[in-house]
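The coordinates come from a predicted model.

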Amino acid sequence: MLDMSFYAEGQEPHTVEMKEDFFEWLAHTNFSRIGKSHQTVVKIEEEKEELLLIKLDPENRQLLKYFLRDAIILESEKIIENLGDAPSKEDYQKLTYPLKKLHELRRCVENETYQYLQRA
């Protein structure tokens with residue numbers, strides 16, 4: 001499992017864990033080109049840490065939202081096309097996994113409490 005973390009000043013980060021193939025897919029999309037990582041000092045609870053983070057400024061946040069919403073639409077269409085009338089539990093879980101992760105990422109990006117994103 002790989003992950004992305006969202007940081008808010010003074011709080012524990014929220015980590016989105018994902019399967020390697022989903023992470024690699026994201027890495028080859030425009031998602032990975034939005035924003036630039038910079039060494040940033042953040043306070044996590046009472047400790048200061050220097051991490052390579054992307055600032056979720058209004059522009060980056062908006063671009064990420066647009067990307068995720070478009071990806072959610074495309075993934076929804078893919079599910080409708082491939083799911084069939086009586087999918088097995090395994091097929092259902094496999095097909096809906098990317099959609100669930102995209103929504104989890106979208107919720108974090110839209111949550112203005114989070115000020116930074118760590119993609120790797």
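Sixteen residues, written 16 in the count used here, line the largest pocket, and Phe22, Glu75, Lys78, Lys94 and Pro98 lie nearest its centre. The space in this pocket is about 440 Å³. Helix H1 (20–27), helix H2 (58–83) and H3 each contribute at least two residues to the lining. By class, the lining holds eight nonpolar residues, one polar residue and seven charged residues.

Aromatic side chains form a second topic. The model has five aromatic pairs.

Trp25 in helix H1 and Phe67 in helix H2 are 42 residues apart, and their pair links distant parts of the chain. Phe31 lies in the loop between H1 and strand S3 (38–44), so its pair with Phe67 of helix H2 ties together parts that are 36 residues apart in sequence.

Phe67 is buried at 15% relative accessibility, and Phe31 is buried at 1%. Trp25, with a relative accessible area of 38%, is partly exposed. Phe22, Trp25, Phe31, Phe67 and Tyr97 make up one aromatic cluster. Lys19 lies over the face of Tyr97, 4.5 Å from the ring centre.

Arg106 belongs to helix H3 (residues 89–110). Its relative accessible area is 18%, so Arg106 counts as buried, the cut-off being under 20%. Leaving aside residues up to four places away in sequence, Arg106 touches Leu68, Arg69 and Ile72.

Key: Residues are numbered from 1 along each chain as its sequence is written. This is a predicted model: local features need pLDDT of at least 70, side-chain atom pairs count only at pLDDT 80 or more; totals for chains, interfaces and linings use all residues. Side-chain values use heavy atoms; hydrogens and water are left out. Helices (H or I, at least four residues) and strands (E, at least two) are DSSP runs, numbered from the N terminus. Buried means under 20% relative accessible area, exposed over 50%, partly exposed in between (1.4 Å probe, protein chains only). Contact means heavy atoms within 4.5 Å. On a 1 Å grid over the protein atoms alone, a cavity is a set of points where a 1.4 Å probe fits but cannot get out, and a pocket is an open set with protein on both sides within 12 Å along at least five of seven lines; lining residues have an atom within 4 Å of a point. Grid points are joined across faces, edges and corners, and a volume is the space filled by probe spheres set on the points. Ala, Val, Leu, Ile, Met, Phe, Trp, Tyr, Cys and Pro count as nonpolar, Asp, Glu, Lys and Arg as charged, and the others, Gly among them, as polar. Rings of Phe, Tyr and Trp (its six-membered ring) pair if their centres lie within 6.5 Å; planes under 30 degrees apart count as stacked, over 60 as edge-to-face and the rest as tilted. A charge sits over a ring if NZ of Lys or CZ of Arg is within 6 Å of the ring centre and within 35 degrees of the ring normal.
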